[in-house]
Amino acid sequence: MGRRDPAVLDTREHLIETYRKKARHYDVTSRLYPAPGYPQRAQRLRAVQALGLRPGGTVIDVACGTGLNFPLLQKAVGPGGRIVGVDLTDAMLARAQDRVKANGWSNVSLVQADAAGFDFPAEVDAILSTYALTQVPECAEVIAHGAAALSAGGSWAVLDLKVPTSTPGWLARLGTATVRPFASIDEWITRRPWEAIRAAMQEELADFAWTELFFGTAFLAAGSSQETAG
Ligand SMILES: C[S@@+](CC[C@H](N)C(=O)[O-])C[C@H]1O[C@@H](n2cnc3c(N)ncnc32)[C@H](O)[C@@H]1O
């Protein structure tokens, strides 16, 4: 991880503790995430489709949690493809491992690592992160490291939460109460990580597309490697 600001390390410890508590029931409770009525599965599908994966492809799921994206990624890459799930929290990865075992998938590897220090394998076809990257203070660096590891034409997609543009601060605090467990909500609202993600993706990727979802409370950002095949 290298040298880190002690405040950032404290946040990491707090985050791991929080997700250790959530892991067991995450698959059920997250159905209501970020709010009842949010079309979570449809948005996940949209994010996976944005990757343009083909059978046999390799995809990294950054901060994969319990592996809720894995069934969709499996469908896209098939048994000849490869999925690498990366997450900071041991208990979330243990759930992901249960899912892998229950489905008999032999093409999934799980890595316990901080996304901020993760050494992306070279020449990956796609990188996905859902509902996680805005929790990582170094999100722009994660985008850049991932973009550097993509194969020619490879793609990066981020699906995450944001505060709607025209929302007053008090309403944002109320509406984003789901974010409260993992960080100070004020810090999250002030830091505006979705803007850092947008700027980094615009800088690092070609064909950048930004779509606001669910009244501006979520976004899907996607782009592809600037390198051309040849
Ligand atoms: C809300 S869950 C989302 C999990 C999964 N991506 C999904 O869509 O269901 C956030 C996940 O991000 C992970 N996480 C948070 N910060 C991280 C970091 N710096 N590096 C790796 N994983 C991190 C947590 O451990 C947790 O599993």
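1. Helices (H or I, at least four residues) and strands (E, at least two) are DSSP runs, numbered from the N terminus, and the expected span of a helix is 1.5 Å times one less than its number of residues. The model discussed here is predicted, so local features need pLDDT of at least 70 and side-chain atom pairs count only at pLDDT 80 or more, while totals for chains, interfaces and linings use all residues. Residues are numbered from 1 along each chain as its sequence is written, and side-chain values use heavy atoms, with hydrogens and water left out.

2. As an overview, the protein chain has 9 helices and 7 strands, and 51% of its 230 residues count as buried, where buried means under 20% relative accessible area, exposed over 50% and partly exposed in between (1.4 Å probe, protein chains only).

3. Helix α5, residues 90-103, has 14 residues and reaches 20 Å from its first C-alpha to its last, close to the 20 Å expected at 1.5 Å a residue. Its buried residues are M92, L93, A96, R99 and V100; seen down the axis of α5, they fall within an arc of 110° and so line one face of the helix, the arc being that of the directions from the helix axis to the C-beta atoms. On the other side of α5, K101 and A102 are exposed, and the helix is followed by G104, whose phi is positive, near 65°.

4. A search of the whole structure finds 9 salt bridges, each being a side-chain nitrogen of Lys or Arg within 4 Å of a carboxyl oxygen of Asp or Glu. One of them joins R20 to D90, with the closest N and O atoms 2.9 Å apart, and this pair links distant parts of the chain, R20 lying in helix α1 (residues 6-22) and D90 in helix α5, 70 residues apart.

5. R191 and E187 also meet in a salt bridge, at 2.7 Å from N to O, and both lie in helix α8 (residues 185-191), 4 residues apart, about one turn of the helix.

6. D160, found in strand β5 (residues 150-161), deserves a separate look: D160 is buried yet has no salt bridge, and the nearest side chain of opposite charge, R191, is 9.0 Å away (Lys and Arg count as positive and Asp and Glu as negative; His and the chain ends are not counted). The side chain of D160 does reach the backbone nitrogen of T134, at 3.0 Å.

Note on methods:
Polar contact = N/O pair within 3.5 Å; in protein donor to acceptor, adjacent residues only side chain to side chain.
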